[in-house]
Amino acid sequence: MFSEIVPASVSAADVASREPLAIVLSGGPKSVHVDGAPRLDPDVYDLGVPILGICYGAQLIAHQLGGVVGRSSRGEYGRALMTHTGESLVLPIDAPATHEVWMSHFDAITDVPDGFVATASTADAPVAVLEHDERRIYGVQFHPEVMHSPFGMKTMARFLHERAGIEPDWTMGSVIDEQVGAIRELVGNGRAICGLSGGVDSSVAAMLVHRAIGHQLTCVYVDTGLMRKGESEQVVETFRRTMGIELIHVDAGDRFFDRLAGVVDPEDKRKIIGELFVRIFEENSGGLTDAAFLVQGTLYPDLIESGGVDGTASVIKSHHNVGGLPADMTLQLIEPLRDLFKDEVRKLGHELGLPDEIVWRQPFPGPGLGVRILGEVTRQSVATLRQADAIVREELAAAGLERSIWQSFAVLAADVRSVGVMGDERTYGHPVIVRAVTSDDAMTADWARLPYDVLETISQRIVNEVAGVNRVAYDVTSKPPGTIEWE
């Protein structure tokens with residue numbers, strides 16, 4: 001079904017004018033007790049539209065309608081066991097009395113508002129679920145939208161289908177038709193340039209725009225020198241020769257390394273790479289005198305982590321295609337995927353006829369290997385990381401684990417030296433950290449439980465084959481509290 005995202009500051013009148021069938025209040029990083037925390041227009045609760053609050057959204061319901069949200073001395077992050085304490089009209093009927101959920105909160109609801117009942121709890125959330133069926137207002141402290149809450153999607157489905165009475169009749173074909181029409185109307189007879197990285201996001205965006213305007217689209221692939229092993233060659237082969245899309249290949253590695261010299265702050269890296277990336281786009285649009293549009297594969301999680309759809313959310317990291325864009329950029333953005341999550345983009349790619357090797361490519365950050373190097377980005381550090389990263393991907397593919405892992409890669413601690421012994425001599429090499437996670441949408445993730453023999457092979461190969469590396473570590477941090485990328 002289709003959903004539209006609006007800021008918490010939306011008025012009840014605006015909500016009513018959109019005629020929604022249901023309202024979901026999202027989670028967020030704030031406490032309901034602090035100044036400036038998001039508040040909902042109280043009249044929204046009286047519109048008669050079914051409401052489901054998630055995490056902060058559940059706490060906001062309790063706080064605004066007369067319940068109590070307590071200030072805790074400890075948080076609850078990651079997996080938790082939730083126990084049903086009463087009959088629920090939103091939790092799945094087939095869910096066991098106690099089951100796992102994914103939590104990410106510090107405050108907790110301690111008393112429900114008048115007319116509400118608490119139907120579940122955890123060790124650190126006395127009220128994990130609250131419900132008022134007469135008003136059709138419900139709240140869950142856990143995150144039902146992530147794969148790590150096994151009964152989460154069934155909770156969402158029961159709310160949407162049973163409590164709100166919505167039929168699941170929206171399809172990806174609707175996205176294609178809607179976006180093709182909108183792109184044609186926007187571009188008219190002009191030309192567009194696509195910022196192509198070869199990843200699934202920019203590839204699907206390129207195919208969608210190409211379906212809309214055909215030869216009016218030119219893709220620009222800027223080789224930053226920060227790509228994975230063999231990636232640049234694959235991009236040129238796929239888009240220029242296989243898909244028949246006009247492609248300009250720009251080898252700009254020297255310029256990126258020059259600009260990144262001496263830079264170690266991760267936000268500075270992202271913004272430097274993003275700004276230079278767009279400048280090179282503009283330089284290479286000089287021959288396209290009527291090119292006025294820049295196509296990007298921005299997804300909704302990129303917007304959330306870069307400050308939200310209205311800029312009020314907490315900035316987790318500036319994304320290459322969000323926070324890194326210069327203020328004086330002359331091209332107008334086309335972002336046909338900005339309301340979608342990764343799993344939806346993959347489905348869209350299949351609908352558009354993209355090959356599996358593109359659709360199922362793992363996510364790769366816009367700034368490339370530059371944000372997987374802790375410390376200064378140099379040609380040598382990139383070469384070291386590129387070789388280690390290739391080993392990680394090769395061994396996971398050989399073990400048949402590619403499809404079960406959301407993202408897997410290596411991180412180089414270029415600013416750290418670790419003592420070791422190799423060939424009976426003391427060494428001071430760099431550590432490499434291996435990261436592999438499972439997820440559905442990258443908003444939350446859990447570290448992948450890789451077999452020990454696979455980890456052993458990866459470690460041995462990296463230490464034996466990659467010069468300057470003498471130690472390998474495996475990251476066992478979930479998101480939250482960590483992010484998937486290290487920078």
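Predicted model: local features only at pLDDT ≥ 70, side-chain atom pairs only at ≥ 80, totals over all residues.
Colleague: What is the order of the strands in the open sheet of 7 strands?

Modeller: Strands are DSSP runs (E, at least two residues) and helices likewise (H or I, at least four), numbered from the N terminus. Two strands pair if DSSP finds at least two bridges between them. The pairing in this sheet is mixed, and the order is 1-2-9-8-7-4-5.

Colleague: Why is one side of strand 1 and of strand 5 left without a neighbour in that sheet?

Modeller: Strand 1 (23-25) and strand 5 (98-105) stand at the edges, so one side of each has no neighbour in the sheet. Each has a single partner strand.

Colleague: Which residue of strand 2 is the bridge partner of Ile23?

Modeller: Strand 1 and strand 2 (residues 51-54) run parallel, joined by 3 bridges. In strand 2, Ile23 has as its bridge partner Ile51.

Colleague: What angle does helix 3 make with strand 2?

Modeller: Angles run from 0 to 180 degrees between N-to-C directions, and axes are lines fitted to C-alpha atoms, for helices over the stretch in contact. Contact means heavy atoms within 4.5 Å. Helix 3 (residues 152-163) packs on the sheet, touching strand 1, strand 2 and strand 9. Its direction and that of strand 2 make about 170°.

Colleague: Which strands stand at the edges of the open sheet of 5 strands?

Modeller: The order in this sheet is 12-11-10-13-14, with parallel pairing. Neighbouring strands are turned by 30° against each other on average, direction ignored. The edge strands pair on one side only: strand 12 (247-251) and strand 14 (332-334).

Colleague: Which residue of strand 12 is the bridge partner of Asp223?

Modeller: Strand 11 (residues 217-223) runs parallel to strand 12, with 5 bridges joining them. The partner of Asp223 in strand 12 is Asp251.

Colleague: At what angle does helix 4 run to strand 14?

Modeller: Helix 4 (residues 172-187) lies across strand 10 (191-195), strand 13 (291-295) and strand 14. Its angle to strand 14 is about 165°.

Colleague: Is the crossing of helix 4 and helix 5 left-handed or right-handed?

Modeller: The axes of helix 4 and helix 5 (residues 200-213) come within 8 Å and cross at roughly 65°. A crossing is left-handed if the near helix is turned anticlockwise from the far one by less than a right angle, and right-handed if clockwise. Helix 4 passes helix 5 in a crossing that is right-handed.

Colleague: How do the residues of the contact of helix 7 with helix 8 divide?

Modeller: Helix 7 (residues 253-260) and helix 8 (residues 266-283) pack at about 145°, with their axes 10 Å apart. The contact includes Phe256 of helix 7 and Phe277 of helix 8. Ala, Val, Leu, Ile, Met, Phe, Trp, Tyr, Cys and Pro count as nonpolar, Asp, Glu, Lys and Arg as charged, and the others, Gly among them, as polar. The division is 7 nonpolar, no polar and 4 charged.

Colleague: Which helix gives the largest share of the lining of the second largest pocket?

Modeller: A pocket is an open set of points on a 1 Å grid over the protein atoms alone, where a 1.4 Å probe fits, with protein on both sides within 12 Å along at least five of seven lines; lining residues have an atom within 4 Å of a point. Of the 27 lining residues, those closest to the centre are Glu357, Trp360, Arg361, Gln362 and Glu402. The lining divides into 6 nonpolar, 8 polar and 13 charged residues. The largest share, 4 residues, comes from helix 10.

Colleague: What is the omega of the peptide bond from Pro480 to Pro481?

Modeller: Most peptide bonds are trans. A cis bond joins Lys479 and Pro480, with omega about -10°. Pro480 is in the segment after strand 19 (469-474). The bond from Pro480 to Pro481 is also cis, with omega near 10°.

Colleague: What is the phi of Glu19?

Modeller: Glu19 sits in the loop between helix 1 (12-18) and strand 1. Most residues other than glycine have a negative phi. Glu19 is not a glycine, yet its phi is positive, about 55°.

Technical notes: Residues numbered from 1 in each chain as written. Heavy atoms only, no water.
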